[in-house]
Amino acid sequence: MLRRVALVEATLAISSAMAASVTCPSNLPFSCSNTTTVEDLCCFNAPGGDILLTQFWDTDPSTGPADSWTVHGLWPDNCDGTYEQYCDQNRQYTNISAILADKAPCTLKTMQTYWKDYQGDDESFWEHEWGKHGTCISTLEPSCYAAADYQPTDEVADYFTRAVGLFKTLPTYDWLSAAGIVPSTSQTYTLAAIQEVLTAHHGHNAVIRCSGNQLNELWYHFHVQGSVQSGTFQAVDPVGSGSTCPSTGIRYLPKYTTLPTTTSTTTTTTKTSTPTSTSVPTGTPGALSGKGYVKVQPDGFMISTGNWYRASGTPATFTATPNSDDETFMLKTSKGPCQVLSDDSLSCAAGLTESSFGYDGTYLTYDGTATFYAASAPSGQDKGVVYTSEQAVSLQMYWQPL
Ligand SMILES: *[C@@H]1O[C@H](CO)[C@@H](O)[C@H](O)[C@H]1NC(C)=O
Ligand SMILES: *[C@@H]1O[C@H](CO)[C@@H](O)[C@H](O)[C@H]1NC(C)=O
């Protein structure tokens with residue numbers, strides 16, 4: 001079970017020494033929450049009042065520290081999930097690094113670590129984020145600054161400084177890791193478990209996005225009272241595009257790790273060598289019963305914990321008991337009943353509840369499929385965890401009656 005962490009105060013008052021923008025009254029409604037028209041868009045973000053701080057978990061290639069998410073951007077969405085983009089051709093600056101070196105050197109330093117382009121071109125990435133999204137934030141319009149001391153690009157420094165400040169209040173890696181959700185090449189996680197942790201801290205759901213089954217992006221939504229540069233941010237539930245992850249079998253891969261296969265968005269399952277022609281007994285599809293060994297294709301066998309073992313030794317004796325449907329059966333070993341757990345891993349242990357398995361005449365099946373998976377083929381005396389959801393290596397299991 002996940003430890004439920006105390007809900008943080010949802011309203012984040014972020015004070016900062018900002019450039020000379022207009023001072024806003026403190027009694028204005030939060031953006032997207034007004035019941036009448038608010039005229040002064042220098043103190044009220046509109047139409048882009050739903051502000052998103054978005055984060056990446058890049059592993060292919062990896063960017064940023066191995067123990068931190070990185071910034072994607074600060075985006076003004078309209079209150080219905082649509083958004084404007086590229087709002088000012090005259091402010092598509094191509095010297096973001098120079099602007100920040102001059103006006104916000106600490107912000108720049110943080111960005112050089114935590115706001116990384118996966119192709120290594122941070123400046124272009126920052127220009128893109130500012131030009132596409134930053135120019136659409138109403139309170140960052142040059143006219144919102146006191147003419148007397150406004151210098152062109154002051155608002156660029158404010159945009160990046162606020163984005164970095166907000167990012168620091170959202171330490172995703174630490175939140176997940178405190179709840180046991182850590183990068184792993186073998187473990188998988190459920191969407192519900194990840195959401196529960198993020199919601200406990202953010203106070204509201206975050207949008208959790210995957211590339212295939214790999215966790216790679218989060219969107220945190222806020223409404224703002226006052227300006228983006230110096231107002232109060234309040235966490236809110238997402239509107240618009242939702243999570244794109246599967247509900248189970250989510251992989252949160254470590255950064256800077258060479259995996260047995262590439263981790264790009266293409267399907268990368270390595271089919272282990274085609275079944276060797278060792279004799280795989282065949283039989284009548286349906287429920288198995290009695291005692292037997294569970295052997296693995298391409299090699300090895302299952303041991304009593306429900307793990308895959310490839311070194312020499314004696315396979316565990318499994319007992320198959322048909323269910324009343326006569327189509328499926330339960331398995332147990334000396335350790336206890338065999339169950340597919342909520343992270344899709346197979347385990348046999350005391351106290352577990354038997355899952356239902358099938359037999360297609362050649363291989364054991366789960367949920368109608370005969371393909372099982374492991375993060376890698378175990379070597380030496382290693383015991384490989386077997387999964388029902390996709391992993392780098394696929395395998396089949398067959399029954400050798402005793
Ligand atoms: C909230 O204020 C914005 C900006 O003035 C306006 O466009 C919008 O119609 C207002 N919403 C309501 C419900 O009055
Ligand atoms: C960045 O570019 C803008 C527009 O060309 C210019 O006004 C500004 O002086 C430049 N800033 C720096 C620090 O180079």
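Trainee: Is Glu129 buried or exposed, and how should I read its relative accessible area?

Mentor: The general idea is that a residue counts as buried when its relative accessible area is under 20%. In this predicted model, Glu129 has a relative accessible area of 1%, and therefore Glu129 is buried. As for its place in the fold, Glu129 is found in helix H3, which covers residues 122-132.

Trainee: At which residues does UniProt place the feature "active site"?

Mentor: An annotation of this kind comes from a record, and it may be inferred rather than shown by experiment. Here the UniProt entry, which is unreviewed, places the feature "active site" at His72, Glu129 and His133. These residues span 62 residues in sequence, yet no two of their C-alpha atoms are more than 11.2 Å apart, so they gather at one spot. The lining of the largest pocket includes His72, Glu129 and His133.

Trainee: Which residues are around ligand 1, and how do they divide by class?

Mentor: To read the surroundings of a ligand, one lists the residues that have a heavy atom within 4 Å of it. For ligand 1 these residues are Asn34, Thr35, Thr36, Thr37, Val38, Leu41, Phe44 and Ala46, and by class the shell has 4 nonpolar, 4 polar and no charged residues. A polar side-chain atom of Asn34 lies 2.3 Å from an oxygen atom of ligand 1, while a backbone N or O atom of Val38 lies 2.6 Å from an oxygen atom of this ligand. On its own, ligand 1 has 360 Å² of accessible area, and the protein covers 55% of that.

Trainee: What surrounds ligand 2, and what percentage of its area does the protein bury?

Mentor: The reading goes in steps, from the shell to the contact and then to the area. Ligand 2 is surrounded by Tyr93, Asn95, Ala98 and Ile99, a shell that divides into 3 nonpolar, 1 polar and no charged residues. A polar side-chain atom of Asn95 lies 2.3 Å from an oxygen atom of ligand 2. Taken alone, ligand 2 exposes 360 Å², of which the protein buries 44%.

Trainee: Where is the place of His223, and what does its side chain reach?

Mentor: The place of His223 is in strand S5, made of residues 214-225. With a relative accessibility of 14%, His223 counts as buried, because the cut-off for that word is under 20%. The side chain of His223 reaches the backbone oxygen of Ser31 at 3.3 Å.

How values were computed: Residues numbered from 1 in each chain as written. Chains lettered and ligands numbered in written order. Predicted model: local features only at pLDDT ≥ 70, side-chain atom pairs only at ≥ 80, totals over all residues. Heavy atoms only, no water. Polar contact = N/O pair within 3.5 Å; in protein donor to acceptor, adjacent residues only side chain to side chain. Areas by Shrake-Rupley, 256 points an atom, 1.4 Å probe, with all protein chains shown as cover. Nonpolar A, V, L, I, M, F, W, Y, C, P; charged D, E, K, R; others polar. 1 Å grid on protein atoms, 1.4 Å probe; cavity = no way out; pocket = protein on both sides within 12 Å on 5 of 7 lines; lining within 4 Å. Helix = DSSP H or I, 4+ residues; strand = E, 2+ residues; numbered from the N terminus. Buried < 20%, exposed > 50% of the residue type's maximum accessible area, 1.4 Å probe, protein only.
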